[in-house]
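I opened this notebook to keep track of what I looked up, one topic per entry. I start with the surface and then turn to charged pairs.

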Amino acid sequence: MPTYDYCCEQCGEFSALRPLARRNEPAACPACGAQSGRTLGAAPALGVIGGAMRRALAANERSAHEPRSTRAGHGMNCGCCSGGKRAGRTRIAADGSKTFAGARPWMIGH
């Protein structure tokens, strides 16, 4: 609901939340209760929502027209979606010694 500016002859300017249909009707002054006419000093201020809510609403709006595939960006045997266990970096040699594929040689394995 927009906020409109009104001016009371006794108390001065004040703002009031009003429906668009009632924007030109006089509003009661919050201090004295007198009916006050609307002033046209500024454009109506609309209520603002937070950034997180705005992003959520935008994503919701996009999903109605551009549904996102659940497979987008994931290759075959993806560890996060397929439920299968991904291979670790530990390699065990025939003699039982361990090596770590792709690890730095100076790092100590535990």
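Entry one, the surface. I found that Ile49, Met53 and Leu57 make up a nonpolar patch on the surface, and together they have about 280 Å² of accessible area. I noted that patches take residues with over 30% relative accessible area and no salt bridge, joining like charges within 9 Å and nonpolar side chains (Val, Leu, Ile, Met, Phe, Trp, Tyr) within 5 Å, and that accessible areas come from the Shrake-Rupley method with a 1.4 Å probe, where for residues only the protein chains shown count as cover.

Entry two, the model. I am reading a predicted model, in which local features need pLDDT of at least 70 and side-chain atom pairs count only at pLDDT 80 or more, while totals for chains, interfaces and linings use all residues. Residues are numbered from 1 along each chain as its sequence is written, and side-chain values use heavy atoms, leaving out hydrogens and water.

Entry three, Met53. I placed Met53 in helix α1, residues 51–65 (helices are DSSP runs of H or I with at least four residues, strands runs of E with at least two, numbered from the N terminus). Met53 counts as partly exposed because its relative accessibility is 48% (buried is under 20%, exposed over 50%, partly exposed in between, with a 1.4 Å probe and protein chains only).

I counted two salt bridges, each requiring a side-chain nitrogen of Lys or Arg within 4 Å of a carboxyl oxygen of Asp or Glu. Arg18 pairs with Glu25, with the closest N and O atoms 3.9 Å apart, and Arg18 is buried at 6% relative accessible area. Glu25 also bridges to Arg22, with the closest N and O atoms 3.3 Å apart.
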